[in-house]
Every structure is written in structure tokens, then in C-alpha cells.
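Look at the model below.

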Amino acid sequence: MEQKISEIKEIFQAAVTEKLPELIESYSSDKRSGVQSLIKSAEKKIALLEKEKERTGQMMKYEHEYGEYVHICGIDEVGRGPLAGPVVAGAVILPKNCDILYLNDSKQLSEKKREELYDIIMEKAVATGLGYVSPERIDEINILQATYEAMRQAIGKLAVTPDLLLNDAVTIPKISIRQIPIIKGDAKSASIAAASIIAKVTRDRLMVKYDEVYPAYGFAGNKGYGAKAHLDALKQYGPTPIHRKSFIGNIVQI
């Protein structure tokens, strides 16, 4: 008895992408339009996966270029621009044979994809580290110095000592490890992209928690950036303890 198209559809939907070529071969002789449509969709999915593998391979360019180093660490930060909350830095040492797909600048990924990748990175990375610098400290030493401080913290929390740092655009002072600053590095290096993702997810989760403490400011949605609702609340209620005083002087009197 001939299989129903709905049954074949379920088989295709349940299959991992790597198994699709086998299914395509198995059903290629079935000329029903519904089956041929499933085959075309599967072929498109395979093509997209191959394209992503190629892109990911390109994201390992710097890791391969400096392949003589054993532990290459990507460094990135999030939260330089917000009016509230900490600046957070991530440090990630990926395995040499890293096969994590979809790594990219965290700003180019959906929240769902960042959360998925966060779990994969934390599972597969050789080592990860996170650094936090508070709003008070940002006001004390300025955001650039606070960023450097968060990055040094993140490096210091790695379980494995790196022998090369790939940084997103900056050279970190007071670090003896060799550094390679890469402009737009979070879109060019898998290691920096991974650092960007774990820093972004960590900071976003923290701002969601702050939203529970200070619900008027919309931190869960705006993450401390200057959205209109945030600015309106700031003018109406004044700053919270997590606001950066050095950032809001032109908005409210402190």
C-alpha cells in the first residue's frame, strides 16, 4: 500500500538535516507533487546548511591563521551604551575543531537563537569567563576603562589560561598575553562571536531581573537603553541605583 503524503511529510519533518539526502534518494521515484514538494524543501534545507557551514568556516579564519597558539580566546563586551545596568564582558576559548554553527555578532541574532547558542557554547567551549563592572564603577572610571576592567575580569575567570586574545576592536591595557584587535570582530571571528553571545545573554538576563525590582522603567524590554518609555520613567521617577549618573545628567537632575 502506497504511503500517504501526510505520513511522508512527518518522516521528513522528524529527520535531522544530515539524514535528508538519504530520504530524498528513497522518495525520488515518487512523482506525486506533494512528495516532490517535500523533496524540494529538503534540498533547500540542505543547501542552507551547507551555506551556513561555509560561513562558519570563514568565521574560523583568525583561529586558523593563528593556529600555532594552543588556547585562543575571543573577547567582547556588551552594555557600553545603556543608561542603566553593568557593562559585561565575555571570554571564550573554543575547541580547535569547533563545529558550532550560527555563531555571529550577538546583535544579528534573535533572542531565541542567542539563548540556544549560549547553552551550546557553555557546553562545548574549552573555557568561558564573564566580567561585570557596576554602574557606580562606570561613573568612577568612565565607560572605556570599565570595559577594559570587565574584559580583564573575564580573562581572569577562565579555567584555562589563553596564549592569544582575539579582541573586538580594542587592545586591553595591563594584559601580558598577545592581543589581536579585530574591527567588527564579533562578525568575523567565531571566538569573539561566542564571547559576544554569552555576554549579551548574561546581561539581558540580569536586566530582566532588574525589571522585577524596578518595573516602571521597562528594563526587561529596553535592557537599560534609552527607549522612550525608559526616558519618560526616568523623568517622572528619577534614577534608580542601577542608573549610570555620568550618562543621565542631561536627562534628569542628579
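Contact means heavy atoms within 4.5 Å. Helices are DSSP runs of H or I with at least four residues, numbered from the N terminus. This is a predicted model, where local features need pLDDT of at least 70, side-chain atom pairs count only at pLDDT 80 or more, and totals for chains, interfaces and linings use all residues. Residues are numbered from 1 along each chain as its sequence is written, and side-chain values use heavy atoms, with hydrogens and water left out.

**The helix pair**

Ile8, Ile11 and Phe12 in α1 meet Leu20, Leu23, Ile24 and Tyr27 in α2. The residues of this contact are 7 nonpolar, no polar and no charged. Nonpolar covers Ala, Val, Leu, Ile, Met, Phe, Trp, Tyr, Cys and Pro; charged covers Asp, Glu, Lys and Arg; the others, Gly among them, are polar.

Helix α1 spans residues 5-14 and helix α2 residues 20-27. They pack at an angle of about 160 degrees, with their axes 10 Å apart. Therefore α1 is roughly antiparallel to α2 (angles over 145 degrees count as such). Axes are lines fitted to C-alpha atoms over the stretch in contact, and angles run from 0 to 180 degrees between N-to-C directions.

**The cysteines**

How many disulfides does a search of the whole structure find? It finds 0. A disulfide is a pair of cysteine sulfur atoms within 2.5 Å.

| Cysteine | Closest cysteine sulfur | Relative accessibility |
|---|---|---|
| cysteine 73 | cysteine 98, 13 Å | 0% |
| cysteine 98 | cysteine 73, 13 Å | 13% |

The sulfur of cysteine 73 is too far from that of cysteine 98 for a bond. Cysteine 73 counts as buried, and cysteine 98 counts as buried too. Buried means under 20% relative accessible area, with a 1.4 Å probe and protein chains only.

Methods
Helix = DSSP H or I, 4+ residues; strand = E, 2+ residues; numbered from the N terminus. Parallel < 35°, antiparallel > 145°, perpendicular 65-115°, else oblique. Buried < 20%, exposed > 50% of the residue type's maximum accessible area, 1.4 Å probe, protein only.
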